[in-house]
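I opened this notebook to record what I looked up in the model, entry by entry.

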Amino acid sequence: MLSNFAVSRRIINQNTLKQSFKKSYFQRTTLQSNTNYKQTNSFSSWSNLNKTFTNQNNKNQTFIQMSMLTAGFLTLIATTTATSSTNNSNRFTFCDYNRKNTAGNVIMLGPTKEPSTGILFPHLCNGMQFVGCGVRVKYGFVKVYAVGTYMDSIAMSAIKSQGPQAISEALLNPAYPRTLRIVMNRSLSIDKYTAAIVEALEPRMDGEDLDKLKEFKKLNPPVDLVEGAEMEMTIRGNTMLYKNSVGGVGQIESAVFCKALCDVFYGKDAVSPGHKEEVIKSVANL
């Protein structure tokens, strides 16, 4: 039997051992928790850092991509400008107008030069397409003015494939819209200009609506024409819209007048045979 002193000492030792075990366990647990916390914080910090780096990297990539796109766009502009400058010297063509179908390619057509006078005619006028030009010659050698015709390509779409005879008949019919653009090759008094137009129209009107000839004279201001002066006559059915040399606009309502005007420029005795032939040939290529 153990003495009371020995029993008490064993109990004390057991209690001390238990407290020591608890302390050791608590220290290990705390150390493990701190380690886990540090690892968790370290991982969280790394994740945040990685996200920041990734976002910054994405921004840098986006900036680089935008820079590359901008550089490519500027290169495209420079290439296009250089190409346009290279081709700019060849943009004028003679009045042969044998333009072909370009299989859907877009081509910017420049003005066409009338070969005898060097006068230029733009590709479009009053929404209509250029189809030919020529020169009005007086006394066999005086080149008075250049004249060009613009047609409505939609209106002529059913005619252009029917041959020269059908095209000639359509040109004599004022129901097919067109614009006649006259550009003076030399100076001329306004009285001589209007007298020449009236002289060509009157015998073709068969004595009808002759008062329209006076109206035509009044559409022209008392200002002499200089070289380069322009006049436009747009024929639509029974209406002739006229723009004079100073930009004034007026109109004449007369089926007889419009039909006679068509005959002046596209009839059997056209004032510019070369212009007429050029238009007939070119309408087929609209």
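Basis. I am working on a predicted model, in which local features need pLDDT of at least 70 and side-chain atom pairs count only at pLDDT 80 or more, while totals for chains, interfaces and linings use all residues. Residues are numbered from 1 along each chain as its sequence is written, and side-chain values use heavy atoms, with hydrogens and water left out.

Helix 3. I took helices (H or I, at least four residues) and strands (E, at least two) as DSSP runs numbered from the N terminus. Helix 3 covers residues 190-201, and its 12 residues reach 17 Å from first C-alpha to last, close to the 16 Å expected at 1.5 Å a residue (1.5 Å times one less than the number of residues). I listed Ile 190, Tyr 193, Thr 194, Ile 197, Val 198, Ala 200 and Leu 201 as its buried residues.

Core. I then looked up the largest nonpolar core, which has 47 residues, and noted Tyr 193, Leu 201 and Phe 216 among those with the most contacts inside it. Such a core is a set of buried Ala, Val, Leu, Ile, Met, Phe, Trp, Tyr and Cys residues joined through side-chain atoms within 4.5 Å. Helix 5 gives the most to this core, with 8 residues. Leaving aside neighbours within four places in sequence, Tyr 193 is in contact (heavy atoms within 4.5 Å) with residues including Ile 182, Phe 216, Met 233 and Tyr 242.

I traced 7 strands forming an open sheet in the order 4-5-6-7-8-9-10, with antiparallel pairing (at least two DSSP bridges between two strands). Strand 4 (124-125) and strand 10 (249-253) are the edge strands, each pairing on one side only. Strand 7 and strand 8 run antiparallel and are joined by 6 bridges.

Gly 250. This residue lies in strand 10 and counts as buried at 15% relative accessibility. Not counting residues up to four places away in sequence, I found that Gly 250 touches Leu 219, Met 240, Leu 241 and Tyr 242.

Notes
Buried < 20%, exposed > 50% of the residue type's maximum accessible area, 1.4 Å probe, protein only.
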